[in-house]
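Colleague: I am new to this structure and would like to learn how to read its features one by one. Could you show it to me and then take my questions in turn?

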Amino acid sequence: MKKFFAGLLASIMLMSVLFVPAFAASANTDTPSFSLMPYNQAEKDYELQDTATEDTVTFRIYPDKQQSERTVAAYINVSLKGGNKAITASVWKVGEIGNHNLTITLYHGNTPTSLTTNNNLKKTTNNVGTIGNPTSVSSPVTKTQFWKAHVEGYMTLYGERKNVNYDTYIFLHNKLGNRYPSYTDSRSKKSVTVPESAVWPVVAAANRDSWTTSQRTQYRTWYEKTYNHGNSMDWTDIQIHHIKPLKYGGKSVNSNLIPLPKATHTQFTTWWAQY
């Protein structure tokens, strides 16, 4: 992930808005966790907006630290929106940014390190829109892939020309365009990591690892001993999730298991049904 300038990048405001339990409602999901994302987690925050049909991740970009501390700030936002079988990258201004030339681009691929683009996924403007009418580029979604938005060019702030060269995080969206859910277990601090590939093959049912009542009981006992001081837990509303599903070669081993609230588990299984 690129920086605008060496050592200059301000914090981004974090706000959570609307609906989806695994993103907005759970105290255990303050920040998503990714296993293979090429970024420095400490450098940025972002806003997640989720509804029943789509989700948006918005990044606020300040070209320099001093500018972000001014009384009247001017900056641009970049968002990556999924859902409804489409992915959209948008850029818009807040405040007066003066003369500018910005290109917003969508990248996609089967792995986080194999993202590509083409001219149909780029849009250049010297009249960037506002929040109600952003400058956007969209792509239909027909299969599960990783996606990111990229914005580059320049803008003028307070009489100074500032270069822009910025990548959003990379997110995995299924064939409906829905972003992969996130969850961090409050006891173990373990997170559900993002699959490293969008094209895992299906394993024949006869060759899949087993998951029996005995194995489930053994995991619960191990988890209580390891993370709850050996004390019994109420598992009534908790289900055990395979981070890599058995259908795609996952194993019934502790490293691939995590307890989830029932509603959150449903969100993951629903997402995987459209992998």
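Predicted model: local features only at pLDDT ≥ 70, side-chain atom pairs only at ≥ 80, totals over all residues.

Colleague: How should I read the sides of a helix, and which residues of α3 are buried?

Modeller: The general idea is that an α-helix has 3.6 residues a turn, so residues three or four places apart point the same way. In α3, the buried residues are Y219, Y223 and E224. They cover an arc of only 130° around the axis, which puts them on the same side of α3. On the other side of the helix, Q218 and K225 are exposed, while the cover over the buried residues of α3 includes β12 (238–242) and β13 (257–261).

Colleague: Let us turn to the nonpolar core. Which residues touch the most other members of the largest one?

Modeller: As a general idea, in soluble globular proteins nonpolar side chains tend to be buried together. Here the largest nonpolar core has 27 residues, and those that touch the most other members are I76, L80, I104, L106 and V151. Several strands each supply at least two residues of this core, among them β3 (54–61), β4 (75–83) and β10 (160–167), and β9 gives the most, with 5 residues. If you look at V151 in particular, and leave aside residues up to four places away in sequence, V151 touches I61, V78, V91, L102, T103, I104, V164, N165 and Y166. Apart from this core lies another, of 18 residues, which includes V192, V194, W200 and I258.

Colleague: Is S139 buried or exposed?

Modeller: The cut-off to keep in mind is that buried means under 20% relative accessible area. S139 has 11% relative accessibility and therefore counts as buried. This residue is found in strand β8 (residues 135–140), and, not counting residues up to four places away in sequence, S139 touches K85, A86, I87, L106, L121 and W147.

Colleague: How many aromatic pairs does the count come to, and how do I read the geometry of one?

Modeller: The count comes to 18 aromatic pairs, and the reasoning rests on the angle between ring planes, where over 60 degrees counts as edge-to-face. The rings of Y180 and F268 have their centres 5.6 Å apart and their planes at 80°, so this pair is edge-to-face. Because Y180 lies in the loop between β11 (171–173) and α3, and F268 in helix α4 (residues 262–272), the pair ties together parts that are 88 residues apart in sequence. Both Y180 and F268 are buried. The rings of W222 and Y227, with their centres 5.7 Å apart and their planes at 90°, also make an edge-to-face pair; W222 is partly exposed, with a relative accessible area of 31%, and Y227 counts as partly exposed at 31% relative accessibility.

Colleague: Which residues form one aromatic cluster?

Modeller: The cluster is formed by Y180, W200, Y248, F268, W271, W272 and Y275.

Colleague: Where does K148 lie, and where does R161 lie?

Modeller: K148 lies over the face of Y107, at 5.0 Å from the ring centre, and R161 lies over the face of Y154, at 3.7 Å from the ring centre.

Key
Residues numbered from 1 in each chain as written. Heavy atoms only, no water. Buried < 20%, exposed > 50% of the residue type's maximum accessible area, 1.4 Å probe, protein only. Helix = DSSP H or I, 4+ residues; strand = E, 2+ residues; numbered from the N terminus. Arc of directions from axis to C-beta. Contact = heavy atoms within 4.5 Å. Core = buried A, V, L, I, M, F, W, Y, C linked by side-chain atoms within 4.5 Å. Phe/Tyr/Trp six-rings, centres within 6.5 Å; stacked < 30°, edge-to-face > 60°. Lys NZ or Arg CZ within 6 Å of the ring centre and 35° of its normal.
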